[in-house]
Amino acid sequence: MDSQTYTRDFWHTKAGKLEFRVNHFIDGAYLPSADGRTFPSINPATGATIVEVARGGEAEVNRAVAVARKTFKSGVWSRMDPRARMAVLEKFSALIEANAEEFAILDSLDMGKPVMDMMNIDIPGSVTSLKFFAETIDKIEGAVTSTAANALHYILRQPLGVVGIIVPWNYPLMMAAWKLGPALATGNSVVLKPAEQSPLSAGLLAELFIEAGGPSGVLNVVHGLGEEVGKALALHNDVDKIAFTGSTEVGKLLMIYAGQSNMKRVTTECGGKTPQIVLGDWDDLDTAVTYAVNGIYGNQGEVCNAGSRILVDKKIHDDFVERFTARTAENFVLGDPLDPSTTIGPLVTASHQKRVLSFIDIGRKEGASLKFGGGTLPSAPAGAYVEPTLFTGVNNSMQIAREEIFGPVATIIPVDGMDDAIEIANDTIYGLAASIWTRDISKAHLFARDIEAGVVWVNCFDHGDMTSIWGGYKQTGNGRDKCLEALTQYTQTKSVWVNLG
Ligand code: NAD
């Protein structure tokens, strides 16, 4: 559709006509909770309840896992002809694209992101993920090893079985699609648990899988709270793997649950405190500043790799701060997420807004100077808004430089050359991503070698495609999304030794 059509009225009219899928999706059908419990899905732009959603518990998890296991064993998906499976996933990807507007509204309504971010980032990211992994299906190979003449040894790569996928609320559709791609491509059955703050799009997703020709029982959805549904899934003895994106705190719990149950595999993609480094030799400050503001304020700063620690060489520090301030004012407009001119929506919930504002108070008390922001949106008092905020005069031992704020709060830390920058950048429990701006090619490569992060950008920020690996070092976790490496996390190898006599 012509982008001229995407007016505020267009989105509000379409949103007003939507019917919400509020029940669990198990074995190809919608199902309320056995005990009838629900929880509210709340619009963070207004504070109003959008709809009540089924609140699952152990009963629904048990039911979904049993269906997923039965379907896996039946072979209807796990042993489907690879090219037929590929065709289903390709159609699934195409159907997401065809339903882009509905997905855009659903995720925007319950978690507050600007609807045009959905159209420009989340939808293409989800469509491409499923397409990329669909294309790998007939290229997954085992191996035959070199043995003595009287033996044949080969290695089979097989699906794990039942995979529990637990996702956060910051990219509800895209985080699910990043994990569904490799999980489904390799033949597993899935129980997806959306975040309770953003449950609205998961039903449509599961429905489209069936419309694409996917067998019922392969992709199931159970809604509910983390400590109820997520925990029950992670403690379940018949779940072979949990694929998780979320906080480091919950990632650690999942590893405990695996140990307390069946030693299921757990892959984790958790928090970050990403450094964006600008060295003194960098001569195009406007470009670095544009990337830096987008790197921290995009998606309201609710991004695992939000570039929240900006390490700027003392020589260019003051100039950088002035340009950063001006560019933020030019680029970011707080407002209604369904208005295409909005570039920052509300935070996901009122309680998250409170948490982010409390970090701003902490920053002030720690002695950092508040260069701009720090407030809410007075014209929308019931919305969970926080202005883009910048602290300067920060040092890396301050709480605002150490903890993941997960909101639009940037800190600028002055540094003295690259060694100082790397030492500060690595002084964190996290290790998701890092960027450096320099004209010195040796420094760029030395930085890439020495920085403790799973993703490194040189003279850019947040670039990549499906071939680049997504995952972290240290307490960001052990998972790797996107890229072919992800396939190994949803499969296991089997050694077959044949005595030829
Ligand atoms: P969260 O950890 O609170 O919740 C994530 C998911 O885990 C939700 O579905 C939640 O219901 C579930 N959960 C909560 N408690 C649980 C429990 N005890 N047992 C099982 N499941 C439980 O995280 P969030 O607030 O939804 O998301 C923000 C976090 O996600 C941030 O830390 C962010 O950095 C991280 N994140 C990381 C990446 C990455 O790729 N590394 C990407 C996006 C978000």
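Reply:
**The ligand and its surroundings**

In this predicted model, an N or O atom in the side chain of Tyr 257 lies 3.3 Å from a nitrogen atom of the ligand. A nitrogen atom of the ligand is also 2.8 Å from an N or O atom of Cys 270, and in this case the atom belongs to the backbone of the residue. An oxygen atom of the ligand takes part as well: a polar side-chain atom of Lys 193 is found 3.0 Å from such an atom. In total, the ligand is surrounded by 29 residues. Cys 270 is among the closest of them, together with Val 167, Glu 196, Ser 247 and Glu 404.

The division of the chain may now be considered. Domain 1 comprises 8-270 + 478-495, and domain 2 comprises 275-465. The C-alpha centres of the two domains are 30 Å apart. Contact between them involves 25 residues of domain 1 and 26 residues of domain 2. About 2000 Å² of area is buried between domain 1 and domain 2, with carbon and sulfur atoms giving 60% of this area.

Polar links also join the two domains. One salt bridge is counted between domain 1 and domain 2. Arg 8 and Asp 336 form a salt bridge in which the closest N and O atoms are 3.0 Å apart. Seven residue pairs are in polar contact between the domains. On the side of domain 1 that touches domain 2, at least two residues each come from helix H1 (8-17), helix H4 (100-111) and helix H5 (115-136). That side has twelve nonpolar, eight polar and five charged residues.

Definitions and conventions: Residues numbered from 1 in each chain as written. Predicted model: local features only at pLDDT ≥ 70, side-chain atom pairs only at ≥ 80, totals over all residues. Heavy atoms only, no water. Domains from an automatic or database assignment. Contact = heavy atoms within 4.5 Å. Buried area = accessible area lost by both parts, 1.4 Å probe. Salt bridge = Lys/Arg side-chain N within 4 Å of Asp/Glu carboxyl O. Polar contact = N/O pair within 3.5 Å; in protein donor to acceptor, adjacent residues only side chain to side chain. Helix = DSSP H or I, 4+ residues; strand = E, 2+ residues; numbered from the N terminus. Nonpolar A, V, L, I, M, F, W, Y, C, P; charged D, E, K, R; others polar. Near = heavy atom within 4 Å.
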